[in-house]
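Here's a quick briefing to get you oriented. Have a look at the sequence and the model first, then read on.

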Amino acid sequence: MSEVAVSAQTKLDVERVRADFPFLDELTNGTPVAFLDSAASSQKPRQMLETMNAFYETSYANVHRGVYRLAERATEALEGAREKVRALLNAPATREVIFLRNATEAINLVAYAWGLNNLGPGDLVVVTELEHHSNFVPWQYVARRTGATFRMIPLDDNGELRLEELDAIADEGQVKVVATGLVSNSLGTINPVDRLAAWAHDHGAIMVVDAAQAAPHRVVDVRALGCDFLAISAHKMCGPSGVGALWGKAELLERMEPFLVGGHMIRSVGVEETTWGELPHKYEAGTAPMAEAVGFGAAIDYLQGIGFEAIERHEHELAAYALDRLAELPWVTAYGPPADRRAGIVSFNVEGVHPHDVAQVLDFDNVAIRAGHHCCQPLMHKLGVPATNRASFYLYTTIAEVDRLVAGLHKVKEALG
Ligand SMILES: Cc1ncc(COP(=O)(O)O)c(C=O)c1O
């Protein structure tokens, strides 16, 4: 396997990092794609791909059930990956880490398995105006099913939460669950989750954190955040698609009903009664995403080898640079908080040009950005736009790629503005 190119604690050497990513080998007119859509899904390093491949080649069998060597190796690899997720999140126990398809499924698990049995009329389910639909719709749906009241913490004009509204929200009923993202996928806003968790607990509520957009870029520590549940997706953090994880406090997971039922998650099955397996298996019905989980573990190793502080600093520099460059363009409106209070995500619009047309023109120059509502329609409503353009950065993004974005925007303005 290739070695990780950059050691922890050093400034990120972006050119060495880029050597790990095969997608950059494909050149158009001598240049690789400027991939500025990592918030949707990140590209993959060789180290992760090689680990998944080796698992398929040398250790593949169904896990937990077999007594033969291959099955034991596969089980060890899967459980090793679970331990890596635990360590990544500084979670107290590996049995609190549940492998699922993605962050959306993880949040649905909590909404269904906890929400349906713990919510009712007079209860408040609190999300934010900034949420990704994955942490909005499940709560809205479960609130409707149970008769609970669904409320949003509103945003200020910077796209930051108006915490001064919390008391007024709490006056409307019994706060039972607060569900918020740690980092916004649209604006890059970093939410004060630790403060919200303290507020939730003061009201006897649980705190659910969507860390899908945070875990790829910064240290996420469930104990420091003080939350009860936290969801992540591997595909946004150099891992494969098809696997994510839910961390939850054991005492809550133990008290909840399962979400999906069937094979693997049972203790015993009879005609009269079926009983559930121990954590984490109680929530892992069916064959696990085995190779994907192993890839997830390798992605975590890779990112930790680079160092989350170095990654965060690098992205912060890119975001600050991009915001400065966009501010030079009077025909561009950028949304969201100042660079020092956001992750490496920049949303903007070009005056008079639909975001899809902007993205299309940039694609002619092999600059890949996202255009749309970014699964944040309540936020778009607040911004008063149907859609925005979004450039999102990761450890392999360079300042030169931000320059390519800005050069492309000048072309957009000339052609369509
Ligand atoms: C903040 C946030 N939450 C949740 C999700 C959903 O992730 P997944 O599609 O992997 O379930 C995303 C994906 O864009 C996201 O950005």
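Which side chain has an N or O atom 2.5 Å from a nitrogen atom of the ligand? That side chain belongs to Asp210. Keep in mind that this is a predicted model.

**Contacts with the ligand**

- Asp210 takes care of a ligand nitrogen, with a side-chain N or O atom 2.5 Å away from that nitrogen.
- Gln213 does its part with a ligand oxygen: an N or O atom of the Gln213 side chain is 2.5 Å from an oxygen atom of the ligand.
- Lys236 also has a polar side-chain atom 2.5 Å from an oxygen atom of the ligand.
- On its own the ligand would expose 390 Å², and the protein buries 87% of that area.

**Who surrounds the ligand**

- Besides Asp210, Gln213 and Lys236, the residues around the ligand include Asn102, Ala103, Thr104, His132 and Ser134.
- Also part of that surrounding group are Asn185, Ala212, Ser233 and His235.
- Sorted by class, this shell holds eight polar residues, two nonpolar ones and two charged ones.

**The pocket**

- The ligand takes up the space of the largest pocket.
- This largest pocket has a volume of about 330 Å³.
- It's lined by 25 residues, and those closest to its centre are His132, Asn185, Ala212, Gln213 and Lys236.
- Helix H4, which covers residues 103–118, gives the most to the lining of the largest pocket, with three residues.

**Backbone spots to look up**

- As background, most peptide bonds are trans, and most residues other than glycine have a negative phi.
- Leu279 and Pro280 are joined by a cis peptide bond, with omega at about 0°.
- You'll find Pro280 in the loop between strand E10 (274–276) and helix H10 (290–306).
- His264 isn't a glycine, yet it has a positive phi of about 75°.
- Look for His264 in the loop that runs between helix H9 (250–255) and strand E9 (266–269).
- Asn366 is another residue other than glycine with a positive phi, here near 60°.
- The loop holding Asn366 lies between helix H12 (355–364) and strand E13 (367–368).

How values were computed. Residues are numbered from 1 along each chain as its sequence is written. This is a predicted model: local features need pLDDT of at least 70, side-chain atom pairs count only at pLDDT 80 or more; totals for chains, interfaces and linings use all residues. Side-chain values use heavy atoms; hydrogens and water are left out. A residue is near a molecule or strand if one of its heavy atoms lies within 4 Å of it. A polar contact is a pair of N or O atoms within 3.5 Å; within protein, one must be able to donate a hydrogen and the other to accept it, and residues adjacent in sequence count only if both atoms are side-chain atoms. Accessible areas come from the Shrake-Rupley method with a 1.4 Å probe; for residues, only the protein chains shown count as cover. On a 1 Å grid over the protein atoms alone, a cavity is a set of points where a 1.4 Å probe fits but cannot get out, and a pocket is an open set with protein on both sides within 12 Å along at least five of seven lines; lining residues have an atom within 4 Å of a point. A molecule sits in a cavity or pocket if more than half of its atoms lie within 2 Å of its grid points. Ala, Val, Leu, Ile, Met, Phe, Trp, Tyr, Cys and Pro count as nonpolar, Asp, Glu, Lys and Arg as charged, and the others, Gly among them, as polar. Grid points are joined across faces, edges and corners, and a volume is the space filled by probe spheres set on the points. Helices (H or I, at least four residues) and strands (E, at least two) are DSSP runs, numbered from the N terminus.
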